[in-house]
Amino acid sequence: MAKALTFQIAGCEYAAAPVKLERKKVYGWTNLVATDRYGDTCSFAYLSADDALVIPSGGLKQATVDENGRWVERSELMAYGEDGMPLPQIPSTFDVVVNLNETATEEEFLDNEWDSVYQLAAPALAEAVGDFIYKFDFSYRGGTCHSDAYLMNTPSGLFLFTGRRQEFPLLTLAEETTIDDNEEVEEDIDDLDFGMF
């Protein structure tokens, strides 16, 4: 069962477990299966750089090493900001109570690039949200960064959208110009100097 988020609106708390909407669940999917001449399913494998080893799928892993070639665990890594100071750790949104006190406009909601969409089956929370779009910081696992999250009702139910706000600058002309009507310019043939050609 999915872990629940806890929301607070006007002093009342509501718990709802988000269910991620997968693209393949909405649109379906196909699988391409390769078989050999006997009908057996083929599996992926990699060749080593010197073509001496056949490495089955799952046999390669990305790793971080230090300057001495020593394996470094992810928990040992530190994130630093542009000022050289360590970035503060943000707890997972699942581990805290989300206080819904900031609303967003429709335009602000649409000015985002979405990473994930979750559906929440929580009628009491949906009723408390009403026609408002609530905005809050969302971090699935915790860490040093968060996504912008929006909670809103739709005709299909209550949804949670996570992504990043995008700036869309308006482009305008540097200076205003007017286009004159086409004026016919009459040239005197006698004034032409063929030497300029």
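## Order of elements

Along the sequence, the chain of this predicted model follows the pattern β-β-β-α-β-β-β-α-β-α-β-β-β. That makes three helices and 10 strands. Helices (H or I, at least four residues) and strands (E, at least two) are DSSP runs, numbered from the N terminus.

Residues are numbered from 1 along each chain as its sequence is written. The model is predicted, so local features need pLDDT of at least 70 and side-chain atom pairs count only at pLDDT 80 or more, while totals for chains, interfaces and linings use all residues; side-chain values use heavy atoms, with hydrogens and water left out.

## Confidence

pLDDT is the predictor's confidence in each residue, from 0 to 100. Its mean over the chain is 85, and 85% of the residues reach 70 or more. Among the elements, strand 8 has the highest mean pLDDT (95) and helix 1 (residues 23-27) the lowest (79). Where pLDDT is low, the predicted coordinates should not be read in detail.

Three strands form an open sheet in the order 2-1-6, with mixed pairing. Strand 2 and strand 6 (97-99) are the edges; each has a single partner strand, so one side of each is left without a neighbour in the sheet. From one strand to the next the twist averages 30°, taken between axes that are lines fitted to C-alpha atoms (for helices over the stretch in contact), with angles from 0 to 180 degrees between N-to-C directions. Two strands count as paired if DSSP finds at least two bridges between them.

Strand 1 (residues 5-9) and strand 2 (residues 12-16) are antiparallel and share five bridges. T6 has A15 of strand 2 as its bridge partner, and F7 stands opposite Y14 in strand 2. The two strands form a hairpin with two residues between them.

## Two loop residues with positive phi

A10 lies in the loop between strand 1 and strand 2. Its phi is near 50°, a positive value in a residue other than glycine. A10 counts as exposed because its relative accessibility is 77%; buried means under 20% relative accessible area, exposed over 50%, and partly exposed in between (1.4 Å probe, protein chains only). A10 and N99 are 89 residues apart in sequence, yet their C-alpha atoms are 8.8 Å apart in space.

D51 also has a positive phi, of about 60°, although it is not a glycine. This residue is in the loop between strand 4 (45-47) and strand 5 (54-56). At 57% relative accessibility, D51 counts as exposed.

Another open sheet has five strands in the order 3-7-10-9-8, with antiparallel pairing. Strand 3 (18-20) and strand 8 are its edge strands, and each pairs on one side only. Neighbouring strands here are turned by 35° against each other on average, direction ignored.

Strand 8 and strand 9 run antiparallel and are joined by six bridges. In this pair, K135 has Y150 of strand 9 as its bridge partner.

## Nonpolar cores

A nonpolar core is a set of buried Ala, Val, Leu, Ile, Met, Phe, Trp, Tyr and Cys residues joined through side-chain atoms within 4.5 Å. The largest one has 21 residues, of which F7, L100, L125, F136, L151 and L160 touch the most other members. At least two residues of this core come from each of strand 1, strand 2, strand 7 (112-120), helix 3 (123-129), strand 8 (133-138), strand 9 (147-154) and strand 10 (157-165).

Contact means heavy atoms within 4.5 Å. Apart from its neighbours within four places in sequence, L100 is in contact with F7, Q8, I9, Y134, F136 and L151. A second, separate core has seven residues, including A104, F109, M152 and F159.

## The chain as a whole

The chain has 197 residues, and 23% of them count as buried. Among contacts with a separation of 6 or more, 58% are between residues 24 or more positions apart.

The accessible surface of the chain is about 16,400 Å², and 52% of this belongs to carbon and sulfur atoms. Accessible areas come from the Shrake-Rupley method with a 1.4 Å probe; for residues, only the protein chains shown count as cover.
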